[in-house]
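Please open the structure in a viewer and keep the selection panel at hand. The tour below moves from one selection to the next and states what is found at each stop.

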Amino acid sequence: MANEVVLLDLKASPFAARVRIALEEKGIEYKSQVEDLSNKSSTLLKMNPVHQQIPVLIHNGKPICESMVIVQYIDEAWSHKPSLLPSGPYRRAHARFWADYIDKKIYPIGRNLWASEGEVKESSKKDLIQCFKILEEQLGDKLYFGDESFGYIDLALIPFYSFFYTFETLGNLCMVAEFPKLVEWGERCLQKESVSKSLSGQNEVYEVILQIKQKLGIE
């Protein structure tokens with residue numbers, strides 16, 4: 001059977017970016033089908049009827065949903081290629097823990113930062129700073145979260161590097177002053193072709209966020 005891989009995609013989405021990076025890391029050819037979330041395609045509604053969101057990976061007609069679930073699927077389905085997860089049960093559990101932390105913290109808190117005002121915005125700013133402090137401590141002096149090589153935790157977090165300018169501008173932060181190691185890590189990750197070709201630029205993401213704020217009626 002032909003190995004047909006289609007990604008229901010959205011360029012500025014950090015979650016779709018994770019999947020793009022994983023596919024590039026594994027050297028998998030795929031077709032990107034860009035979705036309009038204001039006018040969702042029949043394919044998206046059929047392939048992800050529960051959440052009706054991207055990304056969705058369609059492998060030989062079968063859909064897989066949720067970004068880090070898709071990344072793990074890619075790792076297992078193309079297991080003959082270098083693994084995205086570290087070796088050993090403890091290190092794998094450790095990587096999954098931090099990916100889960102990133103999922104539960106960075107996007108929800110970051111969204112509250114740019115989509116709110118007043119006390120909620122200030123509280124979100126404090127929470128986001130605390131999250132980045134914890135992540136920077138976890139990174140320490142390592143080149144990557146996976147020690148010497150780009151891995152699962154890096155893949156989970158790096159798409160949010162594209163949001164750093166948005167956090168700075170709308171949250172009155174200075175990422176390089178507050179989190180120099182994280183900024184250096186992000187720049188290091190961008191030197192990888194699999195990352196640089198999969199991420200949206202920081203200014204591009206900022207413009208998308210401004211458009212969303214406008215639609216929501218948020219000044």
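**First stop: Lys26**

Select Lys26 and display its surroundings: apart from neighbours within four places in sequence, Lys26 is in contact (heavy atoms within 4.5 Å) with Ile74, Asp75, Trp78, Ser79, Lys81, Pro82, Ser83 and Leu84. This is a predicted model, in which local features need pLDDT of at least 70 and side-chain atom pairs count only at pLDDT 80 or more, while totals for chains, interfaces and linings use all residues. Residues are numbered from 1 along each chain as its sequence is written, and side-chain values use heavy atoms, with hydrogens and water left out.

Lys26 belongs to helix 1, residues 14–26; helices (H or I, at least four residues) and strands (E, at least two) are DSSP runs numbered from the N terminus. Is Lys26 buried or exposed? Its relative accessibility is 2%, so Lys26 counts as buried; buried means under 20% relative accessible area, exposed over 50%, and partly exposed in between, with a 1.4 Å probe and protein chains only. Next, show the backbone of Pro82: the side chain of Lys26 reaches the backbone oxygen of Pro82 at 3.0 Å.

Move to Leu37, in the loop between strand 2 (31–34) and helix 2 (42–47). Because its relative accessibility is 31%, Leu37 counts as partly exposed. Beyond neighbours within four places in sequence, Leu37 is in contact with Leu10, Leu44, Gln53 and Ile54.

From Ile54, step to Pro55, where the peptide bond between the two is cis, with omega near 0°. Pro55 sits in the loop between helix 2 and strand 3 (56–59).

Most residues other than glycine have a negative phi, and most peptide bonds are trans. Select Asn60, which has a positive phi of about 50° although it is not a glycine. Asn60 is in the loop between strand 3 and strand 4 (62–65) and, at 22% relative accessibility, counts as partly exposed.

Then select Asn172, whose phi is also positive, near 55°. Asn172 occupies the loop between helix 7 (164–171) and helix 8 (175–178). With a relative accessible area of 65%, Asn172 is exposed.

Select Ser198, in the loop between helix 10 (193–196) and helix 11 (202–216). Ser198 is buried, its relative accessible area being 3%. Which residues does Ser198 contact, leaving aside neighbours within four places in sequence? They are Ala17, Arg20, Ile21 and Glu24.

**Last stop: the whole protein**

The protein has eleven helices and four strands, and its C-alpha trace spans about 55 × 45 × 25 Å along the principal axes. Of the 219 residues, 46% count as buried. Among contacts with a separation of 6 or more, 68% join residues 24 or more positions apart.

Notes. Polar contact = N/O pair within 3.5 Å; in protein donor to acceptor, adjacent residues only side chain to side chain.
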